[in-house]
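Q: Please take a close look at one part of this model for me, the ligand site. After that, I would like to hear how the surrounding chain is put together.

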Amino acid sequence: MNAAATLVRAPALLAVTRARARVEFLVFIREWISVVFTFIFPVLLLIILGSIFHGQRLPGDVDLAQYFVAGMIGAGLFGVSFQNVAIAIPIERDIGTLKRLAGTPMPRSAYFLGKMLMVAFVALAQNVLLLGIGSAFFGLDLPDTVGRWITYLWVIVLGIASCTMLGIAASGFVRNGRTAPAIMSPIAIVLQFISGVYFVFATLPNWMQTVAAIFPLKWIAQGMRSVFLPDGYQAQEPAGSWELDRVALVLAAWCVLAFLVAVRTFRWRARTDD
Amino acid sequence: MSGGPAGDSAIVVSDLRKSYRGRPAVAGIDLVIPRGEVFSLLGPNGAGKTTTVEILEGHRRRDSGDVRVLGVDPALGRAAWKARIGIVLQRSDDLTQAGALTVRDWARAMAACFPNSRDPDEVIELVGLADRRNARAAHLSGGQRRRLDVALGIIGRPELLFLDEPTTGFDPEARRRFWDLIADLARSGTTILLTTHYLEEAEHLADRVAVIVDGRIMEVGPPQTLGGRATAAATVRWLSPDGPRSVQTCTPAALVTDLAARFGQDVPGLAVERPSLEEVYLRMIGAPA
Ligand SMILES: Nc1ncnc2c1ncn2[C@@H]1O[C@H](COP(=O)(O)OP(=O)(O)OP(=O)(O)O)[C@@H](O)[C@H]1O
Ligand SMILES: [Mg+2]
């Protein structure tokens, strides 16, 4: 079979990706459990903790609630990408969704692109909600320069890409769908605690900061702070600056690394089905 | 791409073997299925039917043996090869558990995966689900869900269709409808490999059947002659003036001619019975008849 014939026989990537994204989206919104856990939960947390933190001042003329909203946007992003994908894929593997697809000529990448598009869509909706509530009730300032909006966009795009890829890679290490939530949810919660979402990052023990710096969430939260906090706060960051170049570098590195791992570990069929 | 001696065979298997933790599930199977044939695998639970079929589909690894499906080793089958086959698996938990999608959503999603697929609505119509097209898969009855599964299997216009117990849970009308559908596909040249526990289904649809027991093929042949059915002793029954009579004979035609002469008119209650496929099958798998 030569390459030209292969091209003719495989359905166009764009069309399949669109179809996959549609399926992913329908499944996501019609399964209310996933909506509650990955979508509504961060919004509830924002309202509860935002109300508790509101009025506590941080150095650099920042309200703790403002700091927290920026972090929560990052945490929400991590939830709809990493947590969502790393839990959904092992279940889809168990019930045979992946096996059904593996038996078709669908370009494999269409499945992953479909997941990414779904994550992007959900993240977008969640961001609108978090930004709206944050600016209405917790003193969050929406970005006032084009530069900050651009930073906001690329942090979101790189954040979604790296954390979704990480979720795909992680799914390869989970044996079955029943254990996936029990493994993935604690990972996400621990990362939220050590990455400066619930606590001011600079006040965390050094070793914790070092561990957190390995993972994407710390850098996403930091990127979000650069977008939503006044520039004066920069001096309070451990490095004394937003380190946007490192944010980009670490997130891009995670995209590549997670991709390389996923290529090796991704399985389309359950272990018991070999 | 094809060509060679296997050029007009859809499936060529020689000495296929596969064990699970040292227990053989498939223990040396040889099989040649020509293009356009409807071939049925029969055998008791655990005989190795699904294992065999899923190796041919490229879903499971084999331990040894040579396998060619449409001229390609299924373990290495790529998109261009997969575009030519259709698969209906024995298990389809995804239709129940990811049941948020409707019948139409499923058909559209699967149609998008194939380069030259059928119209989703047409396929839904074919399996008799037109009035349920907007129902969620999870809300379908078991037999309706299985019909959806069959629809998804044929949506890519396969040259070769694998059906692993496709009619489990079908009501009699749905089963007839399915038989007509398979006959239509066969007429248009589709090769079909089907497993089933319904012997009348195999008898109705299959050009040839193979009986598998413990991972080995016991016999292959047309369902009409399997196990020497066509020439085995027949039972002739009729209603004599003294009550019902039955005689076992190897020459039933002669007996019937004789009876016709004796009665001088039609013979009341006349029936000639050969062993049913079920009787032959049960004998073959060693079950007490
Ligand atoms: N994934 C697996 N792991 C371990 N053993 C397996 C696996 N799949 C099948 N087997 C074993 O292999 C043998 C053949 O199983 P298979 O599913 O092929 O049977 P089958 O003929 O399709 O049966 P049925 O009519 O019940 O569908 C059985 O003994 C079964 O227990
Ligand atoms: Mg089976």
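A: Happy to. Let's start with the one cut-off we need: a residue is near a molecule if one of its heavy atoms lies within 4 Å of it. Please keep in mind that this is a predicted model.

Ligand 1 is surrounded by 16 residues, and the closest are A:T272, B:G46, B:K49, B:T50 and B:T51. Because residues from chains A and B surround ligand 1, the site is shared between chains.

In B:K49, an N or O atom of the side chain is 2.7 Å from an oxygen atom of ligand 1. The side chain of B:T50 likewise has an N or O atom 2.7 Å from an oxygen atom of ligand 1. For the side chain of B:Q90, the distance from an N or O atom to an oxygen atom of ligand 1 is 2.9 Å.

The magnesium ion, ligand 2, is coordinated by OG1 of B:T50 and OE1 of B:Q90, at 1.9 to 2.1 Å. B:T50 counts as buried because its relative accessibility is 17%, under the 20% limit. B:Q90, at 34% relative accessibility, counts as partly exposed.

Let's step back to the chain that carries these residues. Chain B comes to 10 helices and 12 strands. Its C-alpha trace spans about 70 × 45 × 35 Å along the principal axes. Of the 289 residues in chain B, 51% are buried. Among the contacts in chain B with a separation of 6 or more, 65% are between residues 24 or more positions apart. An unreviewed UniProt entry lists residues 11-239 of chain B as "domain: ABC transporter". That span is 30% helix and 28% strand, and its end C-alpha atoms lie 50 Å apart.

Two hairpins in chain B are worth a visit. In one, strand β1 (residues 9-20) runs antiparallel to strand β2 (residues 23-34), and 9 bridges join them. Here B:V13 stands opposite B:L31 in β2(B). The hairpin has 2 residues between the strands, and B:R21 takes a positive phi near 45°. In the other, strand β8 (residues 208-213) and strand β9 (residues 216-221) of chain B pair in the antiparallel sense over 5 bridges. The bridge partner of B:I212 in β9(B) is B:I217. This hairpin, too, has 2 residues between the strands, and B:D214 takes a positive phi near 50°.

Most residues other than glycine have a negative phi. B:R157 is in the loop between α6 (142-154) and β6 (160-164) of chain B and, at 42% relative accessibility, counts as partly exposed. B:E165 is another non-glycine residue with a positive phi of about 50°. B:E165 lies in the loop between β6 and α7 (172-187) of chain B. With a relative accessible area of 14%, B:E165 is buried.

Further along chain B, B:T235 sits in strand β10 (residues 234-240). B:T235 is buried, since its relative accessible area is 13%. Its side chain makes a polar contact of 3.3 Å with the side chain of B:Q248. Neighbours within four places in sequence aside, B:T235 is in contact with B:S246, B:V247, B:Q248, B:A271, B:V272 and B:E273.

Finally, a stop in chain A. A:V250 is in helix α11 (residues 244-265) of chain A, and A:V250 is buried, with a relative accessible area of 17%. The C-alpha atoms of A:V250 and A:F215 are separated by 8.3 Å, although these residues are 35 residues apart along the chain.

To return to your site: residues of chains A and B surround ligand 1, and the magnesium ion is coordinated by B:T50 and B:Q90.

Key
Residues numbered from 1 in each chain as written. Chains lettered and ligands numbered in written order. Predicted model: local features only at pLDDT ≥ 70, side-chain atom pairs only at ≥ 80, totals over all residues. Heavy atoms only, no water. Helix = DSSP H or I, 4+ residues; strand = E, 2+ residues; numbered from the N terminus. Buried < 20%, exposed > 50% of the residue type's maximum accessible area, 1.4 Å probe, protein only. Polar contact = N/O pair within 3.5 Å; in protein donor to acceptor, adjacent residues only side chain to side chain. Contact = heavy atoms within 4.5 Å. UniProt positions renumbered as here; feature names shortened; annotations may be inferred. Donors = N, O, S within 2.8 Å, 3.2 Å for Na, K, Ca; no water. Pairing = 2+ DSSP bridges.
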